[in-house]
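Load the model and colour it by secondary structure.

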Amino acid sequence: MELITPRLKIREFRWNDLDALVEMDSDPRVSRYEPGGLTAEQIRYRLEGALEWARETPRTIFKLAITLPPEERAWGRLSLKMNQANIREWEIGWTLHPQVWGKGYASEAARALLAYAFTQLNAHRVVAFCHAENAASHRVMEKIGMTREGHLRETIFLNGVWADELVYSILERDFQAPRE
């Protein structure tokens, strides 16, 4: 699978993405709001899972690399997984390397994957969760048209403390496809 946006190429992960993923996931700025402290071996295991999920048919989990053409380097990851098939609900998520934060890449990539979910996967609803203190992630969700549905109290244990999460969603009827 490959998605092209005006500035990004979103593609399947490859084995040679491992070093970029280790660099990104070992950055303490990334692990502030996401589980961090993973070893290179644990990150390799996650990459192996992404490569296996890419071969499944039908797919219920997508783990994709975000690249900045013409470079092939993975500057981030984008995920989409089936949450509840009976209501056609999928969950989206993203992580970017701090070197490329603040440039609108997360919104651009997420919007493209939402379009894929609604047009190709027949999604009815897409949800996203984020650490309640992650203002940048809140902004991305709002920028791509998601609505805040709730504040979940102490649902994640991160960096030795319980943290709250926010949940956002978007319905197929509310989604505005990206303009080319």
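This is a predicted model: local features need pLDDT of at least 70, side-chain atom pairs count only at pLDDT 80 or more; totals for chains, interfaces and linings use all residues.

Select strands 6 and 8: they run antiparallel and are joined by seven bridges. Residues are numbered from 1 along each chain as its sequence is written, and side-chain values use heavy atoms, without hydrogens and water.

Pick His131 next; its bridge partner in strand 8 is Glu165.

Now show strand 7 with strand 8, an antiparallel pair joined by eight bridges. His151 has Leu166 in strand 8 as its bridge partner. The two strands form a hairpin with two residues between them, and Asn159 in the turn has a positive phi of about 55°.

Stay on strand 8, residues 161-171: eight of its 11 residues are buried (under 20% relative accessible area, 1.4 Å probe, protein chains only).

Finally, go to the largest pocket, with about 1500 Å³ of space. Its 49 lining residues include Glu34, Arg77, Gly93, Trp94 and Thr95, the closest to its centre. A pocket is an open set of points on a 1 Å grid where a 1.4 Å probe fits, with protein on both sides within 12 Å along at least five of seven lines; lining residues have an atom within 4 Å of a point. The volume is the space filled by probe spheres set on the points, which are joined across faces, edges and corners.

Notes
Buried means under 20% relative accessible area, exposed over 50%, partly exposed in between (1.4 Å probe, protein chains only). Helices (H or I, at least four residues) and strands (E, at least two) are DSSP runs, numbered from the N terminus. Two strands pair if DSSP finds at least two bridges between them.
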